[in-house]
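Subject: Handing over a structure

Dear colleague,

I am passing on the structure below, and I would be glad if you could look through it with the notes that come after it.

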Amino acid sequence: MKRGPSQQEQASQNKRQKEGSMDGAAAPAVSADREHLMLVKVLQLAQQPAQKLSVANVGEFLDGEANRIAGERSLEDAVMFLAAGWRRSEEGGVVPSTWDGIAPLQEAVLTASLALLLGASS
């Protein structure tokens, strides 16, 4: 006896169809807004950044923000800011584990923290 798709499978199919039916012009704008919201959520920024964050520019933002925090407070606070962003990117409740921005964000955090520590040691 063959069964039809379960409710969960049907909901997944409907979601994929809706996402696939979005026109090409609206998709990048929605994607950029979603990316910005995800990054702000992960980094827990006190105030909105001057420019919209994206996976492409998050490395520059993290470098600047970590250097600002290190200058205003301490190197430890700057490293803790970066570490908190990394930790929150891995938590299941903060961003979806399937979000494509996790790996690039973690790479940017790693690069920014290494640059910060190398600058402090010289």
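Predicted model: local features only at pLDDT ≥ 70, side-chain atom pairs only at ≥ 80, totals over all residues.

Residues are numbered from 1 along each chain as its sequence is written, and side-chain values use heavy atoms, with hydrogens and water left out.

The chain has five helices and zero strands (helices are DSSP runs of H or I with at least four residues, strands are runs of E with at least two, and both are numbered from the N terminus). Of its 122 residues, 29% count as buried, where buried means under 20% relative accessible area, exposed means over 50%, and partly exposed lies in between, with a 1.4 Å probe and protein chains only. Among contacts (heavy atoms within 4.5 Å) between residues at least 6 apart in sequence, 49% join residues at least 24 apart.

Helix H3 (residues 58-72) and helix H4 (residues 75-90) pack at an angle of about 145 degrees, with their axes 7 Å apart; the axes are lines fitted to C-alpha atoms, for helices over the stretch in contact, and angles run from 0 to 180 degrees between N-to-C directions. On the H3 side the contact is made by Leu-62, Glu-65, Ala-66, Ile-69 and Ala-70, which meet Leu-75, Asp-77, Ala-78, Phe-81 and Leu-82 in H4. These residues divide into eight nonpolar, no polar and two charged, given that Ala, Val, Leu, Ile, Met, Phe, Trp, Tyr, Cys and Pro count as nonpolar, Asp, Glu, Lys and Arg as charged, and the others, Gly among them, as polar.

The 15 residues of H3 should span 21 Å at 1.5 Å a residue, and its end C-alpha atoms are 21 Å apart, which agrees; the expected span is 1.5 Å times one less than the number of residues. Buried in H3 are Val-58, Phe-61, Leu-62, Glu-65, Ala-66 and Ile-69. They cover an arc of only 125 degrees around the axis, which puts them on the same side of H3 (the arc is that of the directions from the helix axis to the C-beta atoms). Glu-60 and Gly-71 are exposed on the face of H3 turned away from that buried side.

In H4, the buried residues are Ala-78, Phe-81, Leu-82, Gly-85, Arg-88 and Ser-89. Seen down the axis of H4, they fall within an arc of 130 degrees, so they line one face of the helix. The face turned away from the buried side of H4 carries the exposed residues Glu-76 and Glu-90.

Two single residues remain to be mentioned. Glu-107 lies in helix H5 (residues 102-121) and is exposed, with a relative accessible area of 55%. Gln-44, in the loop between helix H2 (26-43) and H3, has a phi near 50 degrees, which is a positive value in a residue other than glycine. In general, most residues other than glycine have a negative phi. At 53% relative accessibility, Gln-44 counts as exposed.
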